[in-house]
Amino acid sequence: MRHAFPFSAIVGQDEMKRALVLTAIDAGIGGVLVFGDRGTGKSTAVRALAALLPTIRVAEGCPYNCDGQSPKTCPHCSQAKSRKKPKTVDVPTPVIDLPLGATEDRVVGALDVERALTEGKKVFEPGLLARANRGYLYIDEANLLEDHIVDLLLDVAQTGENLVEREGLSVRHDARFVLVGSGNPEEGELRPQLLDRFGLSVDVASPNDLEERISVIKRRDAFDRDPDGFVAEWQGENDALRARILAGRERIGTIATSDDTLRDCARLCIALGSDGLRGELTLLRTARAHAAYTGRDEITLDDLRIVAPSALRHRLRRDPLDDAGSTARVERVIADVLG
Amino acid sequence: MSGSDAWTLAAQALAAFAVDPGTLGGLWIRARSGPVRDRLVAALNAAVSAQRLSPLADDAQLYGGIDVAATLAASKPVFAEGMLARGGVCLVPMAERISPELAGRLGVALDGGRLSLVALDEGTEDEVLPSALQDRLACRLSLDGLAHGDCPEFSLPDIAAAQARLAGVALPPEALQQLAVLAAHLGISSLRAPLHALRVARARMALGDEPEAALEAAIRLTLAPRMLTPPQTEEEDEAEDDTPPDQPDDQGEQNDQSQQQTDEELLLEAAKALLPDDLLAAVAKMPSGGGTAGASKAGAKRSGNRRGRRLPSRRGKASSAGKIDLLATLRTAAPWQPMRRKARPDDPRPILIEAGDIHTRRTQDVSDRVIVFAVDASGSTALARLAEAKGAIEILLAEAYARRDHVALIAFRGEGAEVLLPPTRSIVQTKRRLAALPGGGGTPLAAGLRAAHSVLDLARRKGMAPTLVILTDGVANIALDGEPGRAKAGADALEMARALRMQNAPCILIDTARRTQPLARELSEALDARYVAMPRADARKMASAVAGELA
């Protein structure tokens, strides 16, 4: 396997990188939706995550990535003959690609038809949700994925559990993962109901700044010519970022939330006319993760200001005549409300 | 550019690709199958060993899996390697048939650098390589219109020697910057393009090109076919001195940074010197890089909401992609039962089915079509015209019913628009609503278009392919906010029409005015609609005109 491009070497696209890092600190924020042009580093950023994130400890050979601490609840580890807890190993955080044409069977898992027909055995073949447990599930071109698959993914992502009842099988396993969807808005949009269920959304564009474009090409070219050297060169930065993520995870439980902050969240959401309370909750969680990431003890106005566009942009009602786009609208309202 | 130049360029592309397939990603060759293309492929095959990949390849072929036949023979699991695991160069004939799903998977593999593609695209205008792949393949070539005589056989230079030189090749240090500037100048937003150019230039130098020649070939092969805005000549540049051609939106920002701007101008001047003089002529006829039309169509086909006609079931590995056709599977297994029983008398299964018997069911996914009628029922259209319009719609409804199309009906009159009928197949309901539709009042054209916009949006989300038919004289007099006034109403309508155009749905505007109006024509242009003038037409003529446009 070739090296992935180092996460910290990605030029610009700060909002996208921040969204991914914040979900690494608090997976409860929910999924991330990245929309933008081709060749803007969407896939690069997601695939770089695996090398960036801390490793997780899993039971050896478990297809569901369970941590081996409570083997009874895992369909694989509960079958083990010995009563002892399974051996564990450290593996990179899984970042699983979900191919576009994936069918429901492949995603949730299904009866292994081949073994059923040729051996006459009824065996459950775990799907992609099992492999993504405790990691990230990445859908490139999420807007082209069939709606019922997206529904299913969001549902499982929210409950953290995959329940399969089909073809005489009944399997229940943990499936806690952060869903990352990317897409090109020219090729179709997601239904508003689905948009709302992603925690954060990010618009990416090709950088307009010439210097930035040049340095993107320079770094990518350096990586292509000498992947090992380039990865080694950025190892320090990646390690530092990983340490910050780990520190953020430690800190996040201790962060205070004042009533003023709650009021600010509510005022923002009311001013934007976003439906439901999901916006406020996500905004709060994201701001808290951001405070933890920056090493503060409480959420400040700055935290809100920085994360609000990502947390709220996709929750606005569409206005066919407003060319400015939702980013500009959100920024306008943030400036009005938070001053 | 003459035919032989194009052929030379193709040979250059092929050699560069052979030197460094992994980083270049691949070649996108648009050409009809024929001796010219065969010659190119033959040269490729002589230099690199390429495997063929079907544009309809399934997951088993890509990712591998249990080799059932071998497993049964050896009675232990035998795994077959997939194409992606093997990696290397893949030749894809009929690449325009690659589905967006397959393109997505190949894109992942291309990003990994172990796979590279030579996409032989035989598509016509509306069928092109999915844009996920367009962006990832470095070089684009078109062999259309090349005469056989212009294309002598050739063999590639010593690839192994060039590969050995590749790591030591040094482009001029400013080349990277120049290519980046040039790409921006040509309106290419994807950053993969200048990277590809850099890699091609390097491969060309490894093949022995001088730096200038290498850069020129790289620009011709990677940037030129992708360009959106044609490069401007010096005189035009002078005339438009105050709007930098590459970044018109950022003018304000650029004025603040005039120092930086002059730097950029210098860079741009230097980069433009790289542009071959005949670039415009040299641009081969490639479909635009954005691939918007093709892509959105792919989306529509994909999200088909109806399982269409059954196709004959196909022998194939049982995979999650298709349902098993039990009947066909049993029928295939039946004749072999005595033989298999003899070979395996102890097998407890009543029917001995082997993996090779399995047939999978296939259906054709289609999108339902919905025809959205937006009818101007205002005073100006009322009376005679409205009756004719109703009649035409009734005839169209009958035809739509026969084709199993859905219809939706929007009327606008007085102060606003009303969706009389959301997409439905019920003809009776539609007729009833239509008959009861009163005429008279102002023309809130913009409101009508807005209603059409939301109906179209909804239909799209349900996986239907909408077509919009607007019947109006184009004379609006009620603005979007309900205020009367021609000027504002007209401006609103045009603005709404442009928003509607973004929906990219086929659209027909039927001008119902007694005399053809410039207003209706203007509206149809803003909508990018087909304009059908209907002065003094009766219902039947109107219906046949629309049916003709729809077909």
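**View 1. Helices α23 and α24 of chain B side by side.** In this predicted model, the axes of α23(B) (residues 486-501) and α24(B) (residues 518-527) come within 7 Å and cross at roughly 30°. Axes here are lines fitted to C-alpha atoms, for helices over the stretch in contact, with angles from 0 to 180 degrees between N-to-C directions. Helices (H or I, at least four residues) and strands (E, at least two) are DSSP runs, numbered from the N terminus. On the α23(B) side, the contact (heavy atoms within 4.5 Å) includes Leu494(B) and Arg498(B), and on the α24(B) side Leu523(B) and Glu522(B) are among the residues involved.

**View 2. The open sheet of chain B.** Six strands line up as β12-β11-β10-β13-β14-β15, with mixed pairing; strands pair if DSSP finds at least two bridges between them. β12 (416-424) and β15 (530-533) of chain B sit at the edges with a single partner strand each, so one side of each has no neighbour in the sheet. From one strand to the next, the twist averages 15°. α24(B) packs on this sheet, touching β13, β14 (507-511) and β15 of chain B, and its direction makes about 175° with that of β14(B).

**View 3. The β10-β13 pair of chain B.** β10(B) (residues 369-376) and β13(B) (residues 465-472) run parallel over seven bridges. Look for Val375(B) opposite Leu471(B).

**Notes.** Residues are numbered from 1 along each chain as its sequence is written, and chains are lettered from A and ligands numbered from 1 in the order written.

Notes
Predicted model: local features only at pLDDT ≥ 70, side-chain atom pairs only at ≥ 80, totals over all residues. Heavy atoms only, no water.
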